[in-house]
Amino acid sequence: MKLILLGPPGAGKGTQAKMLVEHFGIPQISTGDILRGAIKAGSPMGLKAKEYMDAGALVPDEVVVGIVEERLQQDDCAAGFILDGFPRTLPQADALAVTLKTLDKELDAVISLVVDTEALVARLAGRRTCRDCGAGYHLLHEPPRKDGICDKCSGELIQRDDDKEETIRNRMEVYQQQTAPLVDYYRNLGLLSEVDGMMDISAVGQRILEILKA
Ligand code: AP5
Ligand code: MG
Ligand code: ZN
């Protein structure tokens, strides 16, 4: 199973990717998570990426394309992968096509999660993430059992730096301008399925699995 999860900030890409990891036993490749890891590690790439991410802008194509190219060649991607947050521009989509061709792999599906803008803002504002294991929560929709503490590892729950109101607005705009054209790009390739991402988390997951089975 080789798939792309497409959708605006807060659409539920990360949430559904984690469900799919458990269901199919294939890795989630989230460029956002990889970049945040690089920031945490203080690597030169992380330092450079942080400026773009804090502003809600996209990190330059060559940086993320390099990350994904390298990641797709690792052994755990042999049986498949879930791309979460990549590609995000037409040049990234073209670069991915070249990489997959070189690796003799083909995409099976592109799932586009469709969610109203107002709901997206509310999801991002209420999102909390475990500092230690990366598990995701929402203050209203998926609250932890204990306030501020991860159910899985007891780590501290934190808010992402780019989940501030004005940065959220920028990220939405960047999505509309640079990423939304990928919906038609993949529709034209016959790979796109749109999923109503306004349903609750498990209903969205069910729908994705139905599409992937078909
Ligand atoms: P990235 O980390 O990819 O962020 P994003 O695309 O903005 O998406 P999010 O992670 O915010 O949302 P999500 O769709 O994963 O939603 P989630 O499942 O968490 O990128 C961050 C930055 O890195 C970018 O701005 C850019 O700078 C850089 N970057 C990354 N990739 C790049 C690339 N390819 N090129 C260039 N730059 C790149 O859900 C959100 C919340 O809603 C959670 O709290 C969740 O619990 C809740 N929720 C989820 N589903 C539902 C539901 N159905 N109902 C109710 N609540 C729900
Ligand atoms: Mg995410
Ligand atoms: Zn945790």
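A polar contact is a pair of N or O atoms within 3.5 Å. The exercises below apply to a predicted model.

**Exercise 1.** Identify polar contacts between the protein and ligand 1, and state how much of the ligand the protein buries.

*Solution.*
Step 1. Start with the backbone: an N or O atom of Gly-14 lies 2.9 Å from an oxygen atom of ligand 1, which is a polar contact because the cut-off is 3.5 Å.
Step 2. Turn to the side chains. A polar atom of Arg-88 lies 2.6 Å from an oxygen atom of ligand 1, and a side-chain N or O atom of Gln-92 is 2.9 Å from a nitrogen atom of the ligand.
Step 3. Consider the area: ligand 1 taken alone exposes 1,000 Å², of which the protein buries 95%.

**Exercise 2.** Describe the composition of the shell around ligand 1.

*Solution.*
Step 1. The ligand is surrounded by 35 residues, and Arg-88 and Arg-127 are among the closest.
Step 2. By class, the shell holds 14 nonpolar, eleven polar and ten charged residues.
Step 3. By element, helix H2 contributes the most, with four residues.

**Exercise 3.** Determine the geometry at the zinc ion (ligand 3).

*Solution.*
Step 1. The donors are the SG atoms of Cys-130, Cys-133, Cys-150 and Cys-153, at 2.3 Å.
Step 2. In sequence, these donor residues follow the spacing C-x2-C-x16-C-x2-C.
Step 3. The four donor atoms subtend angles of 96 to 117° around the zinc ion, so the arrangement is tetrahedral.
Step 4. Compare accessibility: Cys-130 is buried, at 4% relative accessible area, whereas Cys-133 is partly exposed, at 42%.

Note on methods: Residues are numbered from 1 along each chain as its sequence is written. Chains are lettered from A and ligands numbered from 1 in the order in which they are written. This is a predicted model: local features need pLDDT of at least 70, side-chain atom pairs count only at pLDDT 80 or more; totals for chains, interfaces and linings use all residues. Side-chain values use heavy atoms; hydrogens and water are left out. Donors are N, O and S atoms within 2.8 Å of the metal (3.2 Å for Na, K and Ca); water is not among the atoms, so sites may look incomplete. Four donors count as tetrahedral if all angles lie between 85 and 135 degrees; four count as square planar and six as octahedral if opposite donors are over 155 degrees apart and all others between 65 and 115; anything else is irregular. Buried means under 20% relative accessible area, exposed over 50%, partly exposed in between (1.4 Å probe, protein chains only). A residue is near a molecule or strand if one of its heavy atoms lies within 4 Å of it. A polar contact is a pair of N or O atoms within 3.5 Å; within protein, one must be able to donate a hydrogen and the other to accept it, and residues adjacent in sequence count only if both atoms are side-chain atoms. Accessible areas come from the Shrake-Rupley method with a 1.4 Å probe; for residues, only the protein chains shown count as cover. Helices (H or I, at least four residues) and strands (E, at least two) are DSSP runs, numbered from the N terminus. Ala, Val, Leu, Ile, Met, Phe, Trp, Tyr, Cys and Pro count as nonpolar, Asp, Glu, Lys and Arg as charged, and the others, Gly among them, as polar.
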